[in-house]
Amino acid sequence: MRPFLIAPSILSADFARLGEDVDAVLNAGADVVHFDVMDNHYVPNLTIGPMVCKALRDYGVTADIDVHLMVKPVDRMIGDFARAGASIITFHPEATEHLDRSLQLIKESGCKAGLVFNPGTPLHYLDHVMDKLDVILLMSVNPGFGGQSFIPSTLDKLRQVKKLIDASGFDIRLQVDGGVKVDNIGEIAAAGADMFVAGSAIFNKPDYKAVIDEMRSELAKLES
Ligand SMILES: O=C(CO)[C@H](O)[C@H](O)COP(=O)(O)O
């Protein structure tokens, strides 16, 4: 079993003091910074771009930055984010005209690549590209906003994708995003996820370490 990774979504961080808040959550034990990019076109919200990613690197953040592109079109953002210090870039397959080309662009930029599936997006987009994936992200809410409730049918979809990953033999992380909390992270992991994006569950609490520790103890129950 690969180590579980906790990736706080900075969508719920304090943007007025982002560098400090990202440092705080990493010092509290988070593994990866999840960076939500929304364009008010593919999703009905507008957030942050490559300049903010670069600002975090310049501030001194060395942890992996996992850029989740909720934008359409996709390709012209890839190089910008790679140069800004992204470690992983994921995008939604229906937001690009040329799925394989977008994945290749990410790989050529030196970043890890992933595909993101909304709750209603079919899994057939995985056909023919599994060998190019480092991450598959299943959205457990409809994208655009933090603080929504986990959609239970994601558990079945996670089990399906986990089987596909195992059958493929490729080293692909299975990430989940939306409504992940201390009280459901165990069943989400049992369904196959190994990388957990959580925004409001962490940043809306005063003690980030306490929440991350509680998440890790729920996950440890599966490891024992
Ligand atoms: O991509 C996202 C929304 O599109 C967010 O990462 C996600 O919703 C996390 O927020 P929360 O943990 O509060 O549900």
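1. Let me start at K163, which counts as exposed because it has 11 C-beta neighbours inside 10 Å. The cut-offs here are 20 or more other C-beta atoms within 10 Å of a residue's own for buried, 12 or fewer for exposed, and partly exposed in between, with C-beta atoms placed from the backbone. K163 sits in helix α5, residues 154-168. Its C-alpha atom is 8.7 Å from that of G192, 29 residues apart along the chain. Helices (H or I, at least four residues) and strands (E, at least two) are DSSP runs, numbered from the N terminus.

2. A word on what we are looking at: this is a predicted model, in which local features need pLDDT of at least 70, side-chain atom pairs count only at pLDDT 80 or more, and totals for chains, interfaces and linings use all residues. Residues are numbered from 1 along each chain as its sequence is written.

3. On confidence, the protein chain has a mean pLDDT of 98, and 100% of its residues reach 70 or more; pLDDT is the predictor's confidence in each residue, from 0 to 100. For the complex, the predictor gives an ipTM of 0.97 and a pTM of 0.98.

4. Now the sheet. Eight strands form an open sheet with parallel pairing, in the order β1-β8-β7-β6-β5-β4-β3-β2. Its edge strands are β1 (5-8) and β2, each pairing on one side only. From one strand to the next, the twist averages 20°; axes for such angles are lines fitted to C-alpha atoms, for helices over the stretch in contact, and angles run from 0 to 180 degrees between N-to-C directions.

5. At the β1 end, β1 and β8 run parallel and are joined by four bridges. Two strands pair if DSSP finds at least two bridges between them. I6 stands opposite F196 in β8.

6. The strand β2 deserves a look of its own, as it holds both H34 and D36. H34 is buried, with 27 other C-beta atoms within 10 Å. D36 also counts as buried, because it has 24 C-beta neighbours inside 10 Å.

7. Both residues also turn up in the UniProt record. An unreviewed entry places the feature "binding site" at H34, D36, H68 and D177. These positions are spread over 144 residues of sequence yet cluster in space, with a largest C-alpha distance of 10.7 Å. The annotation "active site", also from an unreviewed UniProt entry, covers D36 and D177. That pair spans 142 residues of sequence, and its largest C-alpha distance is 10.7 Å. UniProt positions are given in the numbering used here, feature names are shortened, and annotations may be inferred rather than shown by experiment.

8. I48 is partly exposed, with 18 other C-beta atoms within 10 Å. The C-alpha atoms of I48 and M38 are separated by 7.0 Å, though the two are 10 residues apart along the chain.

9. Finally, the ligand. Of the 21 residues around it, S9, P143, G146, G199 and S200 come nearest; a residue is near a molecule or strand if its C-beta atom, placed from the backbone, lies within 6 Å of it. β8 (195-198) and α7 (200-203) each supply at least two residues of this shell. By type, the shell divides into eight nonpolar, 11 polar and two charged residues. Ala, Val, Leu, Ile, Met, Phe, Trp, Tyr, Cys and Pro count as nonpolar, Asp, Glu, Lys and Arg as charged, and the others, Gly among them, as polar.
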